[in-house]
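Subject: Structure for you to look at

Hello,

Here is the structure I promised. Please open it first, then read my notes below.

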Amino acid sequence: MIQVYRLLFLVFLMLLWEGVSRWFGAEFFISRPSAVGQSLWKILLNGVFFYHAGITTLEAVLGFFIGSLAGLIAGLVLGRAKLLADILDPFLTAFYSLPKVALAPLFILWFGIGLPMKVILTAAVVFFLVFLNTYSGVRHVSREQLTILRLMGAKERDLLTMVVIPSAFTWVFTGLRLSVPYALIGALVGEIIA
């Protein structure tokens with residue numbers, strides 16, 4: 001029943017939108033849903049929509065993969081190397097606090113308006129979500145377990161494979177899950193700004 005009410009509310013909004021656009025004659029400022037629907041139907045029929053959707057998907061997937069891999073590696077390294085993390089912390093915090101959209105004009109200057117710029121912008125957006133979650137997961141590993149394994153003669157590689165990575169899995173997958181929609185947003189913002 002709730003679906004019917006939602007559908008009715010959507011129809012009401014569309015009719016209101018159409019009426020306001022026609023009544024005030026402000027189609028330049030408030031487009032008509034019927035005009036949007038006609039344009040969408042036209043680009044669906046001639047295949048332009050699917051071509052451009054494919055490019056956007058490629059940008060999002062490549063940016064997600066590169067940003068996730070870089071964030072995962074950086075999170076593991078800095079989570080295990082306390083001195084390096086302490087040195088880089090203010091720089092990473094400063095870069096994280098920047099809105100990534102503000103970096104888009106710089107990326108256009110450096111990489112042009114093509115596919116590489118959009119992939120790099122998407123990767124920059126995804127990087128921090130995965131990095132921060134991975135870093136937090138690695139830092140929250142039980143110190144007692146690590147100490148016991150070290151006393152038993154475990155090397156750093158053994159600690160990573162037996163304790164650190166399995167313990168941080170939940171954090172890593174949370175970062176990956178959160179970054180999926182941001183990858184698409186990064187690709188779309190890159191296209192709009194370019």
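**Aromatic rings in the helices**

Phe-131 and Tyr-135 sit four residues apart in helix H6 (residues 115–139), so about one helical turn separates them. Helices here are DSSP runs of H or I with at least four residues, and strands are runs of E with at least two, numbered from the N terminus.

The model is predicted: local features need pLDDT of at least 70, side-chain atom pairs count only at pLDDT 80 or more, and totals for chains, interfaces and linings use all residues. Residues are numbered from 1 along each chain as its sequence is written, and side-chain values use heavy atoms, without hydrogens and water.

Back to the rings. Phe-131 is buried, at 4% relative accessibility. (Buried means under 20% relative accessible area, exposed over 50%, partly exposed in between, with a 1.4 Å probe and protein chains only.) Phe-131 and Tyr-135 also belong to one aromatic cluster with Phe-95, Tyr-96, Phe-127 and Phe-128.

The structure holds ten aromatic pairs. (Rings of Phe, Tyr and Trp, the last by its six-membered ring, pair if their centres lie within 6.5 Å; planes under 30 degrees apart are stacked, over 60 edge-to-face, the rest tilted.) One of them is Phe-107 with Trp-110: the centres are 6.0 Å apart and the planes at 40°, so this pair is tilted. Both residues lie in helix H5 (residues 100–111), three residues apart. Phe-107 is buried at 7%, but Trp-110 is exposed at 56%. Phe-131 and Tyr-135 are stacked, with 5.7 Å between centres and 25° between planes.

Overall, the protein chain has eight helices and zero strands.

Best wishes
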